[in-house]
There are 2 protein chains.
Amino acid sequence: MAGAQDEIEALIALMARLPGLGPRSARRAVLQLIRRRTQLMEPLARAMAHVAETAQDCPMCGNISLGGLCEICADPARATGEICVVEDVADLWAMERGHAFKGRYHVLGGLLSALDAVGPEELGIPRLIERVRTEATREVIVALNATVEGQTTAHYIAEALEESGTAVTGLAQGVPIGGELDYLDDGTIQAALRARHSL
Amino acid sequence: MAGAQDEIEALIALMARLPGLGPRSARRAVLQLIRRRTQLMEPLARAMAHVAETAQDCPMCGNISLGGLCEICADPARATGEICVVEDVADLWAMERGHAFKGRYHVLGGLLSALDAVGPEELGIPRLIERVRTEATREVIVALNATVEGQTTAHYIAEALEESGTAVTGLAQGVPIGGELDYLDDGTIQAALRARHSL
């Protein structure tokens with residue numbers, strides 16, 4: 001049948017646009033998919049089509065939802081007094097993997113950046129302030145990357161929430177669990193030393 | 001909506017079964033897909049569903065086809081007098097990228113292996129012998145990996161075709177184009193030296 005190779009090449013080109021897959025590994029992945037079309041390719045196509053059709057941003061927190069509020073916002077067991085601010089859904093997932101936070105989230109979808117013209121409006125910070133007021137939030141935990149943009153955004157949020165009277169906290173910085181001092185960068189060692197505690 | 005996270009986790013688990021993607025990169029890939037659902041996820045789901053539904057083995061050569069003969073077997077411009085024997089479709093694609101072979105293929109789908117009980121029948125070698133006879137093939141080029149199993153299979157094919165009178169050839173072994181001697185294994189250097197030619 002004419003065009004078969006073109007269709008397969010088109011599929012490879014789409015796969016190659018995924019992070020972590022280059023043209024070469026996309027080719028291998030497509031071959032693997034075709035070899036295992038019943039067990040892998042068809043279920044994957046179905047799952048993708050379904051999520052593509054139903055996925056949307058949670059109107060409350062910006063997390064991914066498959067319709068209406070996301071699972072976390074819809075869960076009555078999650079504490080309403082704490083909001084954890086994260087940059088994106090990947091960070092929300094990382095927090096959830098830690099199983100340590102039982103409150104709700106606020107997904108910014110980016111960080112403040114004068115260069116890229118990303119201001120507080122784009123990140124939904126006014127909406128966060130509104131949520132803090134209406135949900136009677138006791139604490140906002142700002143869990144942003146320890147980069148310049150992350151820290152700038154964190155400080156902006158802390159200032160914006162100052163008059164609400166809500167506690168604004170950040171994640172502790174220090175030596176990672178299992179981390180070896182010899183492999184840590186200087187900044188982390190300095191931060192860990194500044195924040196030292198008695199044993 | 002209940003179960004949203006489960007559905008996304010199921011999609012991540014399917015993606016993680018692709019070669020080149022681990023659990024972590026599958027997670028990143030799925031996030032990227034959800035972020036770009038119109039431009040990437042929907043077209044990818046459609047292309048996958050279509051290929052999964054229509055892909056089959058070419059009844060002539062074993063290449064992937066989307067219905068009936070594959071593009072190469074169906075192409076009247078491809079020479080019928082030459083058959084290139086490859087282990088799998090990935091190798092066929094590699095040969096095609098080289099643009100040097102203008103004949104047709106025979107995809108074995110594996111290599112002879114006493115350990116895995118893969119015999120000539122499983123590899124379609126009787127069918128290859130039949131093709132050589134009916135297509136009046138002048139030359140069979142055995143393009144198999146330079147491994148023990150590849151070379152065992154190549155010799156078996158050469159012997160099986162001996163009485164057909166068809167020439168059976170193999171790819172030359174030597175220094176790759178752009179290859180540096182210092183980085184080559186000893187076997188390649190020995191093969192290149194044995195097959196040296198006058199300049």
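The following conversation goes through a predicted model with chains A and B.

Me: Where do I start? How many residues of chain B are in contact with chain A?
Reply: In this predicted model, 52 residues of chain B are in contact with 53 residues of chain A.

Me: And what area do the two chains bury between them?
Reply: Chain B and chain A bury about 5000 Å² between them. Carbon and sulfur atoms account for 69% of that area.

Me: Which elements of chain B give two or more residues to the side that touches chain A?
Reply: They are helix 1 (4–15), helix 2 (23–35), helix 3 (37–54), strand 1 (56–57) and helix 4 (89–98) of chain B.

Me: Which of them gives the most?
Reply: Helix 3 of chain B gives the most to that side, with 14 residues.

Me: What is the make-up of that side by class?
Reply: The side of chain B that touches chain A has 32 nonpolar, eight polar and 12 charged residues.

Me: How many salt bridges cross the interface?
Reply: The rule finds two salt bridges across the interface of chain B and chain A. In one, B:Asp88 pairs with A:Arg35, with the closest N and O atoms 3.8 Å apart. A:Asp88 and B:Arg35 also meet in a salt bridge, at 3.8 Å from N to O.

Me: Where do A:Asp88 and B:Arg35 sit?
Reply: A:Asp88 is in the loop between strand 3 (82–86) and helix 5 (89–98) of chain A, while B:Arg35 is in helix 2 of chain B. B:Arg35 has a relative accessible area of 49%, so this residue is partly exposed.

Me: How many residue pairs are in polar contact between the chains?
Reply: The count is four residue pairs between chain B and chain A, with both residues at pLDDT 80 or more.

Me: What about B:Arg78, which residue does it pair with?
Reply: B:Arg78 forms a salt bridge with B:Glu96, the closest N and O atoms being 2.9 Å apart. B:Arg78 is in the loop between strand 2 (64–65) and strand 3 (82–86) of chain B, and B:Glu96 is in helix 4 of chain B, so this pair links parts 18 residues apart in sequence.

Me: Are B:Arg78 and B:Glu96 buried or partly exposed?
Reply: B:Arg78 is buried because its relative accessible area is 12%, under the 20% cut-off. B:Glu96, at 22%, is partly exposed.

Me: Last one, B:Ile34. Where is it, and what is it in contact with?
Reply: B:Ile34 is in helix 2 of chain B. Its relative accessibility is 3%, so B:Ile34 counts as buried. Leaving aside neighbours within four places in sequence, B:Ile34 is in contact with A:Val51, A:Ala55, A:Ile64, B:Ile8 and B:Met41.

Definitions and conventions:
Residues are numbered from 1 along each chain as its sequence is written. Chains are lettered from A and ligands numbered from 1 in the order in which they are written. This is a predicted model: local features need pLDDT of at least 70, side-chain atom pairs count only at pLDDT 80 or more; totals for chains, interfaces and linings use all residues. Side-chain values use heavy atoms; hydrogens and water are left out. Contact means heavy atoms within 4.5 Å. Buried area is the accessible area (1.4 Å probe) that two parts lose on being put together, summed over both. A salt bridge is a side-chain nitrogen of Lys or Arg within 4 Å of a carboxyl oxygen of Asp or Glu. A polar contact is a pair of N or O atoms within 3.5 Å; within protein, one must be able to donate a hydrogen and the other to accept it, and residues adjacent in sequence count only if both atoms are side-chain atoms. Helices (H or I, at least four residues) and strands (E, at least two) are DSSP runs, numbered from the N terminus. Ala, Val, Leu, Ile, Met, Phe, Trp, Tyr, Cys and Pro count as nonpolar, Asp, Glu, Lys and Arg as charged, and the others, Gly among them, as polar. Buried means under 20% relative accessible area, exposed over 50%, partly exposed in between (1.4 Å probe, protein chains only).
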